[in-house]
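This report walks a new reader through selected features of one protein model. Please look over the sequence and the structure before reading on.

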Amino acid sequence: MKNVLISGASGHSKMIIDAIHKNNSYNIIGFIDSYKEDGETIYGYEIIGSIADLKQIKEQHNIYGIIIGVGDNFTRNELKDKINDLSLGLEFPSVVHPSAIIAKDVIIPEGTVVMPNAVINANAKIGRFCILNTATSLGHDCVMADFSSLASGATIGGNVTIGFASAICLKASIIQNVSIGDHTVIGAASLVLKSIGDLKQAYGVPIHSIKDREPNSKYLG
């Protein structure tokens, strides 16, 4: 079984660990985290270093790849770039919970995580390093760009496009044939009835407030 690390000791990482355990897919060596103390234990695994220690950790433990356990889309992208800049040849495995329902023509690419009871319908296109969280539903012919995410309970109609690093928050709904721009956040429980552009923060039932945001603006509590 191949050895992996999880980058980011977070609540999201705990769910990733649970999915890996259920699939018996990888041997988790531990966490790397630049903001927490080495030796701290999270969900049964220790933090064994930071990105600065990655070359040594890879050699010591014969690491195959890293799973980025960070929910924030912008930060997940930053972490991927920092790891790639080290040129260590590490893979970024995808993780799919066994309870997820995925159409047979759907491909789950590197770095993407699909959580319990998520549904991905026919001809949907999923980007790299995406998150489809618990009980999300992605309609037929949808496109999720790299680093985009669906929070738990989000429901997406058919033929929807979700842009780069955009986030659809808890229990938000998007009707069919709508486009969401890049780096845009749709607020929790919102209803999207029309397309929304890049770099927006939008919420309401239906959407009635749209504000500008920066790519690195925080949206997770």
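Pro206 sits in the loop that joins strand E22 (200–203) to strand E23 (209–212), where helices (H or I, at least four residues) and strands (E, at least two) are DSSP runs numbered from the N terminus. The peptide bond that leads from Val205 to Pro206 is cis, with omega near -10 degrees. In general, most peptide bonds are trans, and most residues other than glycine have a negative phi.

The model is predicted, so that local features need pLDDT of at least 70 and side-chain atom pairs count only at pLDDT 80 or more, while totals for chains, interfaces and linings use all residues. Residues are numbered from 1 along each chain as its sequence is written, and side-chain values use heavy atoms, with hydrogens and water left out.

**Loop residues with positive phi**

Tyr43, in the loop between strand E3 (41–42) and strand E4 (45–46), has a positive phi near 55 degrees although it is not a glycine. With a relative accessibility of 45%, Tyr43 counts as partly exposed; buried means under 20% relative accessible area, exposed over 50%, and partly exposed in between (1.4 Å probe, protein chains only). His183, which lies in the loop between strand E19 (179–180) and strand E20 (185–186), likewise has a positive phi, of about 55 degrees, without being a glycine. His183 is buried, its relative accessible area being 15%.

In H1 the buried residues are His12, Ser13, Ile16, Ile17, Ala19 and Ile20. Viewed down the axis of H1, these buried residues fall within an arc of 165 degrees, so they line one face of the helix; the arc is that of the directions from the helix axis to the C-beta atoms. Ser10 caps the N-terminal end of H1, with a side-chain oxygen 3.4 Å from the backbone nitrogen of His12, a polar contact being a pair of N or O atoms within 3.5 Å, of which, within protein, one must be able to donate a hydrogen and the other to accept it, while residues adjacent in sequence count only if both atoms are side-chain atoms. After H1 comes Asn24, whose phi is positive, near 50 degrees.

In H3 the buried residues are Asn73, Arg76, Asn77, Leu79, Lys80 and Ile83. They cover an arc of only 160 degrees around the axis, which puts them on the same side of H3.

**A pocket and its lining**

The largest pocket is lined by 20 residues, and those nearest its centre are Gly8, Tyr35, Val70, Thr75 and Leu79. On a 1 Å grid over the protein atoms alone, a pocket is an open set of points with protein on both sides within 12 Å along at least five of seven lines, and lining residues have an atom within 4 Å of a point.

Technical notes: On a 1 Å grid over the protein atoms alone, a cavity is a set of points where a 1.4 Å probe fits but cannot get out, and a pocket is an open set with protein on both sides within 12 Å along at least five of seven lines; lining residues have an atom within 4 Å of a point.
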